[in-house]
Amino acid sequence: MTNTPLGILLKEVQECRHCEAHLPLGPRPVVQAESSARLLIIGQAPGTRVHETGIPWNDPSGDRLREWLQMGKERFYDPAQVAIMPMGFCYPGRGSSGDLPPRPECAPKWHAAIKSHLPNVELTLLIGDYAQRYYLEGKPKTLTETVKANANWSPDFIALPHPSPRNNLWLRKNPWFDAESLPILRKRIDQLFL
């Protein structure tokens with residue numbers, strides 16, 4: 001654990017301006033955590049709606065994620081139960097085919113320090129390729145192969161596709177995800193919060 005208490009560390013994250021020059025809407029780091037959290041969700045980066053509200057996963061992607069988890073907003077937004085830490089804490093801007101990748105500075109700067117204050121995390125959801133590449137040693141080349149290989153990452157991690165509506169095609173092409181992966185995910189979530 002770092003010497004900085006979690007509350008002070010999260011305040012430092014909220015005040016971070018490290019890559020301000022690269023953020024078209026300015027910095028607004030989005031993170032939630034308390035040391036008692038048992039589930040850690042690591043996604044990509046906030047979209048514009050999350051940037052506007054400061055509430056993580058406060059968009060259609062979050063609606064689908066909560067549906068996958070079969071988890072209501074009350075539990076999902078309770079930092080004592082669920083910690084949420086994206087790869088990039090601020091909205092990175094828009095590119096030609098959607099939002100830009102998460103800023104590369106955030107995870108190396110903040111993740112280890114925050115995770116050191118989360119001793120009760122039993123499961124980490126790695127949502128999307130950026131989180132999976134950062135955390136999974138020996139990760140297969142494709143998202144599909146990575147999600148199919150979830151038994152390799154158990155019990156610490158479950159790799160998920162991003163729940164964005166932009167991934168509807170992937171979900172249609174991979175019906176095994178709904179049929180096989182989601183029941184396993186939901187069982188693990190139920191075990192965490194018995």
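**Close-up views of a predicted model**

**View 1. The cavity.** A search of the whole structure finds one cavity of 30 Å³ or more (a set of points on a 1 Å grid over the protein atoms alone where a 1.4 Å probe fits but cannot get out; a volume is the space filled by probe spheres set on the points, which are joined across faces, edges and corners). This is a predicted model, in which local features need pLDDT of at least 70 and side-chain atom pairs pLDDT 80 or more, while totals for chains, interfaces and linings use all residues. Residues are numbered from 1 along each chain as its sequence is written, and side-chain values use heavy atoms, without hydrogens and water. The largest cavity has a volume of about 60 Å³. Its lining is made up of 13 residues (those with an atom within 4 Å of a point). Cys16, Cys19, Pro29, Cys90 and Cys106 lie nearest the centre of this cavity. By class, 10 residues of the lining are nonpolar, one is polar and two are charged (Ala, Val, Leu, Ile, Met, Phe, Trp, Tyr, Cys and Pro count as nonpolar, Asp, Glu, Lys and Arg as charged, the others, Gly among them, as polar).

**View 2. The largest pocket.** The largest pocket has a volume of about 730 Å³ (a pocket is an open set with protein on both sides within 12 Å along at least five of seven lines). Its lining holds 32 residues, and Gln44, Ser61, Asp99, His162 and Ser164 are the closest to its centre. Helix 2 (48-53), helix 3 (60-69) and strand 4 (98-99) each give two or more residues to this lining (helices are DSSP runs of H or I with at least four residues, strands runs of E with at least two, numbered from the N terminus). Helix 2 provides the largest share, three residues. The lining of the largest pocket has 17 nonpolar, 10 polar and five charged residues.

**View 3. The second largest pocket.** About 240 Å³ of space lies in the second largest pocket. Among the 16 residues that line it, Val147, Asn150, Ala151, Ser181 and Ile184 lie nearest its centre. At least two lining residues come from each of helix 7 (143-148), helix 8 (150-153), strand 6 and helix 10 (176-192). The largest share, seven residues, belongs to helix 10. In this lining 10 residues are nonpolar, three polar and three charged.

View 4. Four strands form an open sheet in the order 2-1-5-6, with parallel pairing (two strands pair if DSSP finds at least two bridges between them). Strand 2 (82-84) and strand 6 stand at the edges, each with a single partner strand, so one side of each has no neighbour in the sheet. Neighbouring strands of this sheet are turned by 20 degrees against each other on average, direction ignored. Strand 1 (residues 39-42) pairs with strand 2 in the parallel sense over three bridges, and Ile41 stands opposite Ile84 in strand 2.

**View 5. Strands 5 and 6.** Strand 5 (residues 123-127) runs parallel to strand 6, joined to it by four bridges. Leu125 stands opposite Ile158 in strand 6. In a regular strand the side chains alternate between the two faces of the sheet. Both faces of strand 6 (residues 157-160) are covered: Phe157 and Ala159 are buried on one side, Ile158 and Leu160 on the other (buried means under 20% relative accessible area, 1.4 Å probe, protein chains only).

Key
Buried means under 20% relative accessible area, exposed over 50%, partly exposed in between (1.4 Å probe, protein chains only). Axes are lines fitted to C-alpha atoms, for helices over the stretch in contact, and angles run from 0 to 180 degrees between N-to-C directions.
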